[in-house]
Structures are given as C-alpha cells and as structure tokens.
Amino acid sequence: MRQIIGAFIVMASLSWAQTPIENVASGCALDFPGNAYVDCGDIPDPPFAGTQKQMTIEAWIKPENYVSPYAPIVVKYNTSLGGAATFFFALTSAGNLRFTVYTPTNSGLPPGGINAVTTTVVPLNQWIHVTGTVNLENQQMRLYINGIEQPTSLNIVNPPPSTIPNRIDPFYIGRVVLASGSGVYFQGQIDEVRLWNYARTQTEIRRDMCRRLTGNEPGLAGYWRLDECRGTTAFDSSVNGNHGTLY
Ligand SMILES: [Ca+2]
Ligand SMILES: [Ca+2]
C-alpha cells in the first residue's frame, strides 16, 4: 500500500472518481491505483449457494494498464484460503477478457474448470462495458464487450463444475489473491458491478447496460453502483445487501 513520492510517504488507496454521465448514468466510480480493492465477503446467496448452474457478471471498466499476469475486474477467488476459488473475471496481460468458473474441491488448488478468453482486446483509457455469462448445463460461456458477443477460445479442464461452487473465498472488486498470498490488482476505474444468478442474453445485456437498475430485478444477485462518492463502504443495492468495504 505504501508509495514513496519525493520525500513524502503516502498511503495510496482506493478513491472515488466522477464518471461521465453518458457512460453509466451514474455519478461516481472507483479509481483503483494498483494496490486497492473492494471486499464484499463470502457472498452466501445464489449464484454462490452451490445450487446454481448459471451466472452473469458485468461491469463498466476503464483500464489504464494491462497487468501481469492479469488485471482482476471482479473475482471470487483467494487461493491463499485453502485453495478456494469460485470464479475469475479479468483482463489478461494482453488485454483479452477472461472468465473462469472453477470446480469445487475441499482442499488444494481447483483441479478443473471452464474458461473462456476473447480473441479480441479491451482497449485502455476508455469506458468499456464487459460481461461474462456461464451456463453449466451445456458448458457454455459467452463474453461481451460493449454488449456485443465476442469470439472466444473455450477451455474445459476436467472435471468441469456441475454447479457454481459454494466456497469460502471472498468476492473482490479489483483484486485477486494468489496461493502464495500475494495480491494482484486492477489499475484504472470500475463502475456498476452487477451479478446475476442466471445467464443473461445479449438482448438483456444491451437493454440494461446504460441504464440504472432498481435493485429488485428478478435474478439480480448483487448490484454495486459505486455511487457513494465518499466513505469506505460500497453498498450492494440488490435485495441481498452484500455491502463491500474499500481497502
Ligand atoms: Ca460460500
Ligand atoms: Ca457509479
């Protein structure tokens, strides 16, 4: 967390930033300096109750750098916690969009999973809407950039998950923790994070990506508007109320 600038030592931290209204119809976003994140805890509700076969994760992002080995957008993944990993939604070091859902195990690293990576690249320094959907009934993953489905390479490592796992890992915005315990962080801005307990269609994604939700839409499992503009809480406006803490 500590950066030395000149003679001063400052604690770089997550801060609130103004977003252009035309992008997300919302007033603030979070500015990730490269070592900060939001922790929403181990969300107990579907799609993370171990019963769901589908989910959707979406966000507006403005990446300022590609990060090696990847820039985490939203994950439920902390493999320093006994190998726990649920899902991973990130940019690769080359800027491709990646979505992975892991196979649940009791210990050790996840042995299997389903993983899709776009062959297209998310550009830097622009507000871009990104979505990942998964349907484990037919092992299908779809990735969307600005509401348009992208060509992907799909990789299934056996055994693939039969349901979205119920693990002990925390739901993070902007951070992933590797088995070694070291964190990797998003660099740039993130806004309007939405979690659904079903695989949304391109029509649904395009209809809602530029407008504010009420919070009680059917299947909406988490909704972090990131409009607080101050303080250290990121409120979940969905019925589940899994509020996040800024670190
Ligand atoms: Ca859990
Ligand atoms: Ca916002």
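Figure 1. Pro47 sits in the loop that runs between strand E5 (38-39) and strand E6 (54-63), where helices (H or I, at least four residues) and strands (E, at least two) are DSSP runs numbered from the N terminus. The model is predicted, so that local features need pLDDT of at least 70 and side-chain atom pairs count only at pLDDT 80 or more, while totals for chains, interfaces and linings use all residues. Residues are numbered from 1 along each chain as its sequence is written, and chains are lettered from A and ligands numbered from 1 in the order in which they are written. Pro47 is joined to Pro46 by a cis peptide bond, with omega about 15 degrees. Most residues other than glycine have a negative phi, and most peptide bonds are trans.

Figure 2. Because 10 of the 10 residues of E6 are buried, the strand is largely enclosed by the rest of the structure; a residue is called buried if 20 or more other C-beta atoms lie within 10 Å of its own, exposed if 12 or fewer, and partly exposed in between, with C-beta atoms placed from the backbone. In a regular strand the side chains alternate between the two faces of the sheet. In E6, Gln54, Thr56, Glu58, Trp60 and Lys62 point one way, Met55, Ile57, Ala59, Ile61 and Pro63 point the other way, and all are buried. E6 pairs with E11 in the antiparallel sense over 8 bridges, pairing being assigned if DSSP finds at least two bridges between two strands. E6 is also joined by 7 bridges to strand E18 (residues 188-196), again in an antiparallel arrangement. Ile61 takes part on both sides, standing opposite Ile128 in E11 and having Ile190 as its bridge partner in E18.

Figure 3. Strand E7 (residues 70-78) runs antiparallel to E8 and is joined to it by 8 bridges, with Ala85 of E8 as the bridge partner of Tyr77. These two strands form a hairpin with 5 residues between them, and Gly82 in the turn has a positive phi of about 65 degrees. E8 is also joined by 5 bridges to strand E9 (residues 96-102), which runs antiparallel to it. In the hairpin of E8 and E9, 3 residues lie between the strands, and Gly95 takes a positive phi near 95 degrees.

**Figure 4. Phe89 and the largest nonpolar core.** A nonpolar core is a set of buried Ala, Val, Leu, Ile, Met, Phe, Trp, Tyr and Cys residues joined through C-beta atoms within 7 Å. The largest such core has 63 residues, and those with the most contacts inside it are Ile73, Val75, Phe89 and Ile190. E8 gives the most to this core, contributing 7 residues. Phe89 stands opposite Phe99 in E9. When neighbours within four places in sequence are left aside, Phe89 is in contact with Ile57, Ile73, Val74, Val75, Phe99 and Gly132, contact requiring that the C-beta atoms of two residues, placed from the backbone, lie within 7 Å.

**Figure 5. Two loop residues with a positive phi.** Asn125, in the loop between strand E10 (113-121) and strand E11 (128-135), has phi near 60 degrees, a positive value in a residue other than glycine. Asn125 counts as exposed because it has 11 C-beta neighbours inside 10 Å. Leu226 lies in the loop between E19 and strand E20 (233-234), and its phi, near 55 degrees, is likewise positive in a residue other than glycine. Leu226 counts as buried because 27 C-beta neighbours fall inside 10 Å.

**Figure 6. Arg212 in its loop.** Arg212 belongs to the loop between helix H2 (202-208) and strand E19 (220-224), and with 14 C-beta neighbours inside 10 Å it counts as partly exposed. Arg212 and Glu192 are separated by 20 residues in sequence and by 8.7 Å in space, C-alpha to C-alpha.
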